[in-house]
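Try each task before reading its solution.

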Amino acid sequence: MYIVGEEEIEAIAEVIRSAQLFRYEVGQQCDRFERRYAEYLGIEHCALTASGTYGLTAALIGLGIGPGAEVLVPAHTYMATATAVIATGAIPVIVDIDESITIDPAAIDDAVGPHTRAVIPVHMWGTAANMDAVMEVARRRELLVIEDACQAVGGGYEGRRFGAIGHAGAFSFNYYKNMTAGEGGAVVTRDPVVAERARCAIDPCHFYWKGRSEVLKPFAGIGARPSEIMAAMLNVQLDRIDGIVAAMRAARDRILSGTHEFEALGLRPAPLHSPAHDCAAHVIFSLPSSDTARRFVDVFPSVIVGETGRHNYTEWDQVLMREGAPHPALNPYNLPENAPCRRDYSKDMCARSLEILGRTVMVPMDPRHTQQDVEDIVHNVGVAARVALGDLGPTEAEIRNASPIDKQKFDIGSGETVQVP
């Protein structure tokens with residue numbers, strides 16, 4: 001959560017005063033946000049839901065993914081990317097990332113099998129996946145593309161908004177995201193049939209309020225509809241998001257330019273596929289080894305990407321144990337339709353990804369950073385790089401006097417924080 005103020009408080013209070021908390025019949029905030037967000041993305045259909053996880057699930061359901069299908073997911077993403085696939089009855093197949101910490105298009109191409117129906121590129125940590133390459137592979141291999149933009153609200157790729165490039169997209173608005181209502185999510189698409197199926201998944205009874213569809217026979221869904229309170233807050237946050245992202249992008253660019261000289265030592269910015277359009281929620285650096293990454297964060301308390309818990313496939317217990325449902329008869333891993341699918345996992349199956357993650361560090365951005373905060377980060381990155389990479393330049397006094405960002409908590413999006421002294 002970055003910026004929440006009196007405008008959000010007043011918007012929520014107005015909904016409560018009106019006693020119109022239910023989105024149908026009397027509510028206005030959900031419909032208003034869905035219209036505004038679709039327009040913001042340049043896409044035809046947006047449906048709010050209770051979480052980003054269910055936004056992903058609804059997108060997959062909307063596209064007809066189910067038993068007998070494999071869906072490719074990256075080795076580094078919040079585990080919901082994979083569990084959403086399981087929730088539809090399909091099987092996630094885990095593939096490597098590359099140095100950008102996003103899915104490797106070449107790995108997608110290599111992983112496609114006879115039962116592969118879709119791929120979920122993730123705009124991880126607010127950085128853009130290589131969508132031109134992903135879409136080229138998807139067209140050639142006849143794959144559906146579901147963009148997981150849950151960590152990348154407000155960003156885009158080469159002039160197109162995240163979520164509007166693939167066949168469907170999903171967003172999260174939980175506490176850790178660029179735009180927040182505490183919890184919440186959305187599914188977006190250009191296809192009216194996909195949108196109608198997604199809405200039925202979100203609320204199987206929505207047709208009672210909106211009218212029965214002429215193109216869809218309703219089906220039973222779990223239900224995860226939003227409230228007017230959530231949408232009221234999001235309508236205010238939508239007015240803030242461009243300023244938030246612009247501030248983080250400016251800070252990220254200043255830090256990269258200010259630390260360019262350390263590339264000669266081995267501190268290299270992770271590749272950026274669309275730096276002028278992504279969220280810049282983090283500055284991400286690649287180091288030569290996991291040992292140098294450890295030395296870097298020991299000097300400057302930042303984050304080793306491979307140590308962010310459930311974002312790494314090695315921590316996806318439900319997937320690795322193939323516990324895909326609360327009852328064995330419903331477990332996709334036990335369904336006969338999925339017998340031909342690849343269902344075996346191991347913690348070393350994506351060793352290349354683990355090696356990259358172990359030597360990659362990131363410094364979270366915050367739109368409230370002052371110019372001095374940014375200059376302090378530039379200074380600290382330089383000191384940490386010189387120590388980690390063996391340059392004898394900094395003295396002990398320089399290290400002791402490195403300028404931390406006072407009281408700044410580095411949110412790594414996983415429920416953990418690193419407190420800067």
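Predicted model: local features only at pLDDT ≥ 70, side-chain atom pairs only at ≥ 80, totals over all residues.

Residues are numbered from 1 along each chain as its sequence is written, and side-chain values use heavy atoms, with hydrogens and water left out.

**Exercise 1.** Work out the strand order of the open sheet.

Start with the order: 7 strands run β1-β9-β8-β5-β4-β2-β3, with mixed pairing. (Strands are DSSP E runs of at least two residues, helices H or I runs of at least four, numbered from the N terminus; two strands pair if DSSP finds at least two bridges between them.) Next, the edges are β1 (45-49) and β3 (91-95), each pairing on one side only. Now zoom in on β1: 5 bridges tie it to antiparallel β9 (residues 185-189), and Ala 47 has Val 187 as its bridge partner there.

**Exercise 2.** Is Asn 312 buried or exposed?

Then check accessibility: Asn 312 counts as buried because its relative accessibility is 3% (buried is under 20% relative accessible area, exposed over 50%, partly exposed in between; 1.4 Å probe, protein chains only). Finally, look around: beyond neighbours within four places in sequence, its contacts (heavy atoms within 4.5 Å) include His 76, Glu 307 and Leu 357.

**Exercise 3.** Which element gives the largest share of the largest nonpolar core?

That core has 53 residues, and Ile 65, Val 71, Ile 94 and Ile 120 have the most contacts inside it. (A nonpolar core is a set of buried Ala, Val, Leu, Ile, Met, Phe, Trp, Tyr and Cys residues joined through side-chain atoms within 4.5 Å.) The largest share, 6 residues, comes from α3.
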